[in-house]
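Okay, everyone, I've got one structure for today.

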Amino acid sequence: MSYCTNQKQEYRKLDMEKDMAFKKKSVAVLVSIPAAKPSYFYAAPDGIQIVQGTIVQVPFASQQVVGIVIDDGPDRIFSKALRPISKVFYYPPIQQELIKFIRFVSAYTLTPAGLITRMVLRVPTGCEREQYIDSLHFTGVVPKRMTPARSRVIELASQDKKWTRSSLARAASTSQGVIDGLKMQGVLKTIKFYRPLVIPWPDPAYAPTILENDQRMAADILQTAVLENRFSVSLLDGVTGSGKTEVYFEAVACALRQGRQILILLPEIALTQQFLDRFYTRFGALPAGWHSDLTIRCRERIWSQVLHGHIRVVVGARSALFLPFQNLGLIIVDEEHDAAYKQEGRIFYNARDMAVARGHIAGIPVILASATPSIESQVNVAHGRYRLVSLPARFANAAMPNLTAIDLRKNPPSTGCFLSPLLVSMMKGVLQRREQSLLFLNRRGYAPLTLCRICGYRFSCKNCSSWLVEHRDRGLLLCHHCGYNQPVPEACSRCGALDNLVACGPGVERIAEEVSKEFAGARILVLSTDTVAGVKKIRFEFDSIIRGNVDIVIGTQLVTKGHNFPNMTLVGVIDADIGLANGDPRAAERTFQLLSQVTGRAGRTGVKSHGIIQTYQPDHPVIKALIMNDRASFYTNEIEEREPNYLPPFGKLAALIVSGAVRSEAENYARSLRRSAPHAPEITVLGPAEATLAFVRRRYRFRLLIHGKQCVNIQEFIHVLLAKAPVPRGTVRVQIDIDPQSFL
């Protein structure tokens with residue numbers, strides 16, 4: 001064999017050894033940041049088992065990020081050494097169905113998978129210390145030198161007891177330095193123990209509810225769906241006060257008996273003390289709550305216990321959908337029609353639709369409950385995709401409120417007032433009978449606009465294209481979009497005229513002022529997110545209504561969400577036309593739902609009740625359907641209008657919102673997006689057009705609306721469009737909103 005051949009073999013051998021050096025156990029990690037790729041490969045640490053779903057910490061660029069292992073397959077050969085995993089967390093692996101759900105939400109909403117992963121892994125780095133105890137134990141190794149202090153430490157550490165470093169030193173009457181010295185010699189070792197945080201488990205047999213016939217039939221259907229333990233969607237459609245909550249509690253009880261975890265979504269979890277009280281009455285324990293008002297430490301405990309399977313029921317806002325359940329068996333979406341389920345911001349998603357998707361991926365039943373179901377759910381029932389479960393009457397046959405429309409053209413309020421004489425007269429009768437009235441106006445503050453009588457100047461936000469709302473109780477003009485505020489001036493900012501500023505239109509504070517003058521001595525409560533700060537304060541105010549400490553409630557949409565006020569016999573809608581005066585394709589549906597819900601607060605206990613709807617359009621189809629209690633015809637007409645125009649749910653919509661600090665840059669890029677749109681005969685691209693709110697938080701906004709038939713892949717269309725478009729420069733940003741609910 002020649003020298004040359006031997007040399008080639010040696011080189012080949014060296015190359016193989018070099019390759020083997022880079023051939024390590026590698027895993028793909030789904031990182032919790034919006035990186036270019038959703039996952040990256042890392043070298044697994046020796047001696048630690050890494051399986052799919054393991055939560056780890058990995059280096060990414062110059063930072064450490066948390067991630068989920070999504071691949072524990074065979075070794076791979078890489079061109080350079082992989083960076084090692086920094087830390088493996090001692091948690092149960094994330095379930096495969098949740099990993100699939102992360103990928104689905106990312107693909108459907110066109111959001112980087114890292115942002116969805118971050119929603120799942122909100123607190124693991126902080127709560128591991130909280131959930132685990134480092135306990136010191138004697139290994140059997142004898143120290144090189146024995147002292148009395150060391151002898152006491154070893155004697156205590158040999159006991160079957162959990163010792164922390166400080167507690168062992170204190171019990172042995174020695175310093176923590178002695179403990180550290182024994183650990184260095186291998187005399188003591190640290191063992192991690194899970195610290196159980198006791199949350200009582202709900203008892204399905206604690207206080208079973210006695211259900212009426214319709215309720216019992218509905219509960220049996222839902223329990224059957226739970227027992228089948230496969231994917232299904234049931235629409236629990238019941239009028240206000242029909243006992244929907246008690247009915248789906250029976251499905252919760254069934255899932256509890258199976259040892260499964262349950263997720264209940266509510267649109268405003270922080271405002272639902274009544275729901276929690278009813279849950280406790282039925283099951284003898286409270287569920288775990290999940291919402292933005294929780295402290296970080298509380299969120300850490302709940303997150304960890306959900307992952308370990310120690311929490312059986314979670315009641316939460318939309319973000320609870322991304323909790324790492326270990327054995328999820330049932331999802332319930334209460335008030336499924338509510339627009340609050342749509343998340344807008346950095347991530348756009350509809351929690352109701354994603355709840356159905358998670359149920360499908362996990363193969364578990366989903367229950368949607370509402371007194372005014374969405375058009376989408378109604379159509380899904382009609383097409384056989386959802387099962388309809390009806391509760392057509394109120395509990396104990398309590399009558400629905402008698403609804404009356406007041407034509408403000410014929411029965412206008414007094415000059416400078418906003419309550420019609422008929423409504424005022426009815427409120428006086430209610431007050432005399434010591435019953436309660438509710439006045440509803442979906443406008444916060446005192447007045448939505450302030451202007452100068454002399455020059456016509458309107459006070460507007462310097463950061464947004466919106467008027468400043470007067471909040472007279474605080475002496476401020478406030479922007480409800482960015483938070484900018486200024487004191488209410490004495491003089492016009494343009495012409496300098498004194499005492500000529502006028503408040504235009506009513507807000508709830510202005511209605512309260514009128515009511516105070518009309519009903520001297522009445523106990524009046526204003527409920528809006530501006531007037532009641534903090535969850536505890538809001539719950540206290542709701543309790544005061546239930547206890548009868550309030551005569552007249554004046555509120556915004558805050559008062560419409562499932563509250564039960566036993567002594568409420570009159571609801572007055574101040575301006576029913578507000579929601580109808582815009583170009584939103586869902587305007588009629590939302591107005592019908594909102595007014596149905598708010599008038600449904602009256603007469604819940606069977607007392608004769610009334611709903612008064614003030615309007616300038618008494619012949620509008622929405623108002624007529626409400627007054628005639630003809631919900632079926634309203635839904636039929638609404639569906640018939642949408643179907644030929646391919647509006648949701650018969651077609652698909654997506655919005656591209658382009659914003660920038662420089663107007664011309666934002667507009668030019670929006671136009672370049674439009675030019676980049678591929679040709680697709682069944683998809684129409686509308687715009688770009690200046691957004692209704694064209695300037696928000698010092699950013700100019702333009703919108704493109706993509707409209708297609710139900711059969712099209714609108715996500716793929718947007719992928720191609722964005723790939724062909726130039727990369728946005730400067731301050732320009734593009735947000736993608738699949739299935740938009742807001743067109744501002």
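So, are phenylalanine 249 and phenylalanine 275 buried or exposed? Phenylalanine 249 is buried, and phenylalanine 275 is too; buried means under 20% relative accessible area, exposed is over 50%, and partly exposed is in between, with a 1.4 Å probe and protein chains only.

Quick housekeeping: this is a predicted model, where local features need pLDDT of at least 70 and side-chain atom pairs need 80 or more, while totals for chains, interfaces and linings use all residues. Residues are numbered from 1 along each chain as its sequence is written, and side-chain values use heavy atoms, leaving out hydrogens and water.

The structure has 17 aromatic pairs. Rings of Phe, Tyr and Trp (its six-membered ring) pair if their centres lie within 6.5 Å, with planes under 30 degrees apart called stacked, over 60 edge-to-face, and the rest tilted. Phenylalanine 249 and phenylalanine 275 make an edge-to-face pair, 5.7 Å centre to centre with 65 degrees between the planes. Tyr248, Phe249, Phe275, Phe279 and Phe283 form one aromatic cluster.

Over at tyrosine 457 and phenylalanine 459, the ring centres are 5.0 Å apart and the planes are at 75 degrees, so that pair is edge-to-face. Tyrosine 457 is partly exposed at 21% relative accessibility, but phenylalanine 459 is buried, at 1%.

Now charges over rings, meaning NZ of Lys or CZ of Arg within 6 Å of the ring centre and within 35 degrees of the ring normal. The charged end of arginine 299 sits over the ring of tryptophan 290, 4.3 Å from its centre. Arginine 312 lies over the face of tryptophan 201, 4.5 Å from the ring centre.
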